[in-house]
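Q: I am new to this structure. How should I start reading it?
A: Look at the picture below, then we will take it feature by feature.

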Amino acid sequence: MTGAVSCLAGIEGVGVIIHGSSGCYYYPATVLRKEVHCTFLIEEDIIFGAAQRLRELITDIRSRYNAIAVVHTCTPAIIGDDIADFPGMEDIIIIDSPGFFGTFEEGYRCAHDSLPVSIDPNKKGVNLDGINLLDPFSLGNTMEATRILANAGIAVSAVFSSCHLEQLSQISPVTVSANPDLSGAWGENRGSLLGVDQTKNTILGLVERGCGGNPDEILKEAESAEQHIVRSCDKYLQRFDPPSVALFGGFSYTVFAAGMLEKYLDASINCIGSRTLPRPSRFKVTATGSLAMVRDLIERDPPDLIIGSSFERMIRPSAAFVPFTYPLRGMVRLRARPLVGIQGELGLMEDVLNACKDRIVHRSDGTAGALG
Amino acid sequence: MNSSRNEGCTLTGALSVTTAITDGITIIHGPDGCAHHNSSLLHALQVDSDRLFAPDILSTSLSETEVIFGGEKALEETIRQAAVCEPGVLCVLTSCVSAAIGDDVQAVCRDFSHLPIVVVPTEGFLGGGFSQGVEHALIALSDLGETGEQNGRVTLIGEKNLEYEVEANYLEISRLLSLLGISIDLRFVRNIPAAAVRNLGSASLNILRDPSLIRVGNALESHFGTPFVPAFPVGLEGTRVFLETVGRILGIDSKWAVSAEQKNQNRLIESFHNIRGMVLSSGTNTHPIPSLFEELQQIFDLSFDSRGKTVPIPDPLPVGTSGLSRLLHRWRRICRE
């Protein structure tokens, strides 16, 4: 449910209704920081029928939006509440993705694929997908992807899921991804922008396909960025051993970060805990669906560095920590940080080196880190 | 069932209690989403209170299959998984999904009678709201209590574990009780091991966090014979009355304590003399002005008017003299702007 709401709430012009109780509503409403509506069901509604309450809410708010989307929570889905057949409700986007149907990503994709999209074969530019409001890199990724594509002479047609509904009525036939875990059905997928290498390949592929433009500026910037990273990592390795690392987050993000750390820092990857369905990879990736599993992974082979959320940070506060996925509590984060593109890789490596150095220096002078 | 539409989930209320047992594990018999968003909420609120905290929650991960064929097997498996960790108590919480599909959770748990299992009937929003969850969890966990000799001490019942000021409120109650020469024996339930709940029947007095827990107070009085005070004190006069009430119930002369607190309150009033005559506004808060503020209006000659400086009207209201002092500091800061 939260995945579906996260996708829909990113589309300006869509009024999102959570058809469920306040308990189901508060989490997405709080973490997404977007206006989301709710039918606020109570037990009596389930006994006497909740559809009427939903229809009334739709009637109340529909003049404020270009479209209305209703996301069913568990109980209305079980009792089979349905308004699609009611007169005047035919254009309502109904997303049946209650919590028991699956994961966040499945809910996101279900909503993504239900959006009223029309592909224009002649539309220039590309679409960007894999943007998710809950992702701490959401805004940064949109900005960095747009910058990189613009520097290669490629316009962004639509962003899934952070654009206006009108932009979906005429999207490009080509899509690139900021996060392949969330890639959906719209447009021919031409690769991702995760990492400098992948960014270069994707941009070259787009130019070759006739989507843009000139890749020279981006290739030059990428080369310079790689030199910066190599120089900084080499300097680090002159004084310190490579860190052992535990990574937690979505599959694509964590595998990208693990590859980067191995490539530039010769880091050893103790474990990767994936919150999304793992796919084949040269790293051993474990699906982690609970904090108990996360704790087990970390305690089985304690790492020097944890890349993940504040959950993982808590389990081993003595490790260096780099914020990577939600929830990120107990810290102030104001600016937009990308993970994709050239700035994304630079930023992640910068965070890793600083966190590892801070931990070692604090240990040697006898002081603990902020939460150590 | 009288549940407010915007009160939040029963499950969340119950979790705010059960996850405060330090050696306990809580099983949510529901979809992973319930466990995820509640874990995230509990984590966020505890980190905001400078406490590193990952709630020990397991989910039975109900999926479409269990919704169709029943989720009792999933519950059995999860109980077995939790038992490996030998928790002090294993709390099993139901959700709206398990309630809607009609799983017999009690029957499943009876098959594990060798384990310290407490079933908390929560049923998500089908079981009421947040406060019903708190109430159900406290009553269910009280089954771990044992009747004992009254020890002359006090148990705090139902501290609001998600409240930002929870520890400050605890310190204030401790301070007030110390004026009567009384100490707190048990915090039911806040950061205690399951074994500590055994002492629940030994307290000479229970102090409820607020009157919404009256049914819990009645249940404990009926079961253990422990009298109760219905709420933490609010307001200056309310704090003095609290001391008198506790003293009367425990057979302690409260005159000295009340007099000492009166002097403390006089000092407080004097230190805030410069807010006298201020015009304040409760902003968009449409709730009626509580009696606490009528008391403050009289003491400080304040008036509430929409043209005044907008000040916070906290909910719940500040506890004791210290809580009121902190509130007045916040008001004075705003009046200086």
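A: Two residues are in contact if their C-beta atoms, placed from the backbone, lie within 7 Å. This is a predicted model: local features need pLDDT of at least 70, side-chain atom pairs count only at pLDDT 80 or more, and totals for chains, interfaces and linings use all residues. Residues are numbered from 1 along each chain as its sequence is written, while chains are lettered from A and ligands numbered from 1 in the order in which they are written.

Q: How many residues of domain 1 of chain B are in contact with domain 2 of chain B?
A: Domain bounds come from an automatic or database domain assignment. Here, 21 residues of domain 1 of chain B are in contact with 22 residues of domain 2 of chain B. Helix α7(B) gives the largest share of the domain 1 side, 6 residues.

Q: How many residues of chain A are in contact with chain B?
A: Chain A brings 31 residues into contact with 37 residues of chain B. The chain A side has 19 nonpolar, 10 polar and 2 charged residues. Ala, Val, Leu, Ile, Met, Phe, Trp, Tyr, Cys and Pro count as nonpolar, Asp, Glu, Lys and Arg as charged, and the others, Gly among them, as polar.

Q: Which strands pair with β9(A)?
A: Strands (E, at least two residues) are DSSP runs, numbered from the N terminus, as are helices (H or I, at least four). Two strands pair if DSSP finds at least two bridges between them. Strand β6 (residues 126-129) of chain A pairs with β9(A) in the parallel sense over 3 bridges. A:Asp129 stands opposite A:Ser177 in β9(A). Strand β10 (residues 188-192) of chain A also runs parallel to β9(A), joined by 3 bridges.
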